[in-house]
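Please view the sequence and structure before reading on.

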Amino acid sequence: MKATIYDVAREAGVSIAAVSQVMNGKGKISEERRAEILKTMERLNYQPSVIASALTGKKTYTLGLVVPDISNPFFAEIARAVEDQGHEMGYSLIICSTDNKDERVERYLSLLQQKSVDGMIIGTGMDNKDMLKPIMDRAIPVVMIAREMQDLALHTVVVDDFVGGRMSASHLIALGHQRMAVLAEHSKVTSSRERVKGFLHTLGEAGITLSDTSVRNCSYTVENGKREALSLLEQPADVRPTALFCCNDMLAIGALQAAKQLKLRVPEDVSVIGFDNTILASVTDPPLTTIAQPIEPMGKQVVDLLLMELKKRSQDKQRVVMRPELIVRQSTGAPATQG
């Protein structure tokens, strides 16, 4: 037989009201007792009816996470961090991948409303911000992670992308590079725009300019990174870039593949630096120099902000900006020659 709320209360040694308060996030219950009740619910496999809860206006203890592509290691790691923190607080997670396409974003936002999620975490770009209006009109809490909606009042957790771009440029300049190129994501991706801005700003301070053709906008995939890198690296040795700044690790891996195909040595012939510091960065050949995002703290912070919004709606929204870190590995070094 399925466990009931009465079974949970008996096993945990508490009242039914205490179990109900934990399920609804109410009442003055210590964190220790709350954890005990949640563990008892898990051990007994107690599953309150989500449908019934939604119909009665109660919490469903589910959150929605909307990301561009769960196969991208950065968003996979973000999802895991969000899921871990949500689980710690008694919530389940529904993950949706949009490929940065507005029609898929709209479909998934509608689906999450139908599922009566308690709140949504948005980590994908979208051209039509009006898609969020029906959700906000229904007072469903929404927070952003790794993306920004600058003209909407939403809690936001991001890394300082501009500073990350500056770090990349400073590292390559210190190594002696003068001819550089950039593999950027689509211009509607705010994080990528800021990374490129920071990179170019620092180059400008050092008196280095890049031609328009040295900044390539492409999709975030390894295949696109490889294609654009091939186009840059196939140039004659005296004009091709000696370093590539890639706005995510997937593009950087594509650049490493392009260099290998052209029989160019990394980093002697071309240095490659990525962004994100996903698990892939440490297993590439050579291991990838990259800008690390604090993925686990970002996931924890965005869930905490969402749950805070669930408890008490606030007109004042927080914009939490976390600092990136340069992780130097073997994919960057001094250029063999500038030609």
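The points below treat the aromatic pairs, then the chain as a whole.

The model is predicted: local features need pLDDT of at least 70, side-chain atom pairs count only at pLDDT 80 or more, and totals for chains, interfaces and linings use all residues. Residues are numbered from 1 along each chain as its sequence is written, and side-chain values use heavy atoms, with hydrogens and water left out.

**Aromatic pairs**

- Rings of Phe, Tyr and Trp (its six-membered ring) pair if their centres lie within 6.5 Å; planes under 30 degrees apart count as stacked, over 60 as edge-to-face and the rest as tilted.
- Three aromatic pairs are counted by this rule.
- Phe-74 and Phe-75 form an edge-to-face pair, because their ring centres are 5.0 Å apart and their planes stand at 75°.
- Phe-199 and Phe-245 are stacked, because their ring centres are 4.6 Å apart and their planes lie at 15°.
- This pair links distant parts of the chain, 46 residues apart: Phe-199 belongs to helix 9 (residues 190-205) and Phe-245 to strand 8 (residues 243-246); helices (H or I, at least four residues) and strands (E, at least two) are DSSP runs, numbered from the N terminus.

**Burial**

- Buried means under 20% relative accessible area, exposed over 50%, partly exposed in between (1.4 Å probe, protein chains only).
- Phe-74 is buried at 3%, and Phe-75 is buried at 5%.
- Phe-199 is buried at 0%, and Phe-245 is buried at 0%.

**Whole chain**

- The protein chain contains twelve helices and twelve strands.
- Of its 339 residues, 52% count as buried.
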